[in-house]
Amino acid sequence: MTEGCLELNYDIPANDFLHAGEASSSVKKMLNQLGVDPDKVKKTAISMYEAEINAVIHADGGAAHIEIWKDKVVIKICDKGPGIPNVELAMQEGYTTAPDHVRDMGFGAGMGLPNMKRYADSLDIDTAVGKGTTVTITVFLK
Amino acid sequence: MKVLEFAEKFGMKVWAGENKLQNDITGVYVCDLLSWVMSHASKGDAWITVHTNLNIAAVALLTEVACVIVPENINVEPETITRAENEGIVILGTDLNSYEICCRAYECGVGK
């Protein structure tokens, strides 16, 4: 535990839509309990949910590490999936590589990364083809 | 308008969330792309979707919609009902289609 910060860790299971979103729901509840401003909670939860779903869909799952500081929430979603060959393209609304069965569930509209960018105050994507992706989302609380 | 009033007025089935029917409906949002819903739905909306998979409960929780309405007598999966109950999400069902639900909501003054 880092001093002054609450840390949470979750596994993100692969292809498991039964549990997809549980980590972000849990973080949302925690932030509500801590009395964080509801708009900040929503920004955090939605950006994290998108990252979580991306890890489920594209990367055989991964891990989420969350740090809640007094002035910010930092979310790292790491996976060992295929990586993103062209981040600029992936950031475009409507661009998707999601398979049909995922799109049938209502995902894969090419809005995941754009939504993360929209709701995060800072978004960092560290990706390498064949190695994986780490998405770091920061939401400032003040 | 309360979810309870709306559901009762149009004979809607309550699939989940019996204890959250006092939520206020302040608008209506219709969309089946979940990321789009997260990006554009507002707190207090009645969200109409034909999806019945587990993720509608997660999206409803994140967007803080007043309720989910599943149109045209579509069956809701038991796993979704369980998750919605656990998360305090209201899911309603109706034989109306999405357009008809919007019209009824408008007639009731929702969003005016």
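This report describes the sheet, the helix packing and the chain contact of a predicted model.

**The sheet of chain A**

Chain A holds an open sheet of five strands. Their order is 1-2-3-5-4, and the pairing is antiparallel. Strand 1 (6-12) and strand 4 (122-128) of chain A stand at the edges. Each has a single partner strand, so one side of each lacks a neighbour in the sheet. On average, neighbouring strands of this sheet are turned by 10° against each other, direction ignored.

Strand 4 of chain A pairs with strand 5 (residues 132-140) of chain A. The sense is antiparallel, and the pairing runs over seven bridges. Within strand 5 of chain A, A:Thr134 stands opposite A:Asp126.

Helix 1 (residues 22-33) of chain A lies across strand 1 and strand 2 (62-68) of chain A. Helix 1 of chain A runs at about 160° to strand 1 of chain A.

| Helix pair | Angle | Axes apart |
|---|---|---|
| Helix 1 and helix 2 of chain A | about 165° | 8 Å |
| Helix 3 and helix 4 of chain B | about 25° | 8 Å |

Helix 1 and helix 2 of chain A are therefore roughly antiparallel to each other. Their crossing is right-handed. From helix 1 of chain A come A:Ala23, A:Ser24, A:Val27, A:Lys28, A:Leu31 and A:Asn32. They meet A:Val41, A:Thr44, A:Ala45, A:Met48, A:Tyr49 and A:Glu52 in helix 2 of chain A. By class, the residues of this contact divide into seven nonpolar, three polar and two charged.

In chain B, helix 3 spans residues 55-63 and helix 4 spans residues 78-87. The angle makes helix 3 of chain B roughly parallel to helix 4 of chain B. This crossing is right-handed. Helix 3 of chain B brings B:Ile56, B:Ala57 and B:Leu61 to the contact. Helix 4 of chain B brings B:Thr80, B:Arg83, B:Ala84 and B:Glu87. The contact of these two helices has four nonpolar, one polar and two charged residues.

**Where the chains meet**

The contact takes 18 residues from chain A and 16 residues from chain B. On the side of chain A that touches chain B, helix 1, helix 2 (38-58) and helix 5 (112-119) of chain A each give two or more residues. Helix 2 of chain A supplies the largest share of that side, four residues. The residues on this side of chain A divide into 10 nonpolar, five polar and three charged.

Conventions. Residues are numbered from 1 along each chain as its sequence is written. Chains are lettered from A and ligands numbered from 1 in the order in which they are written. This is a predicted model: local features need pLDDT of at least 70, side-chain atom pairs count only at pLDDT 80 or more; totals for chains, interfaces and linings use all residues. Two strands pair if DSSP finds at least two bridges between them. Axes are lines fitted to C-alpha atoms, for helices over the stretch in contact, and angles run from 0 to 180 degrees between N-to-C directions. Two residues are in contact if their C-beta atoms, placed from the backbone, lie within 7 Å. Ala, Val, Leu, Ile, Met, Phe, Trp, Tyr, Cys and Pro count as nonpolar, Asp, Glu, Lys and Arg as charged, and the others, Gly among them, as polar. Angles under 35 degrees count as roughly parallel, over 145 as roughly antiparallel, 65 to 115 as roughly perpendicular and the rest as oblique. A crossing is left-handed if the near helix is turned anticlockwise from the far one by less than a right angle, and right-handed if clockwise.
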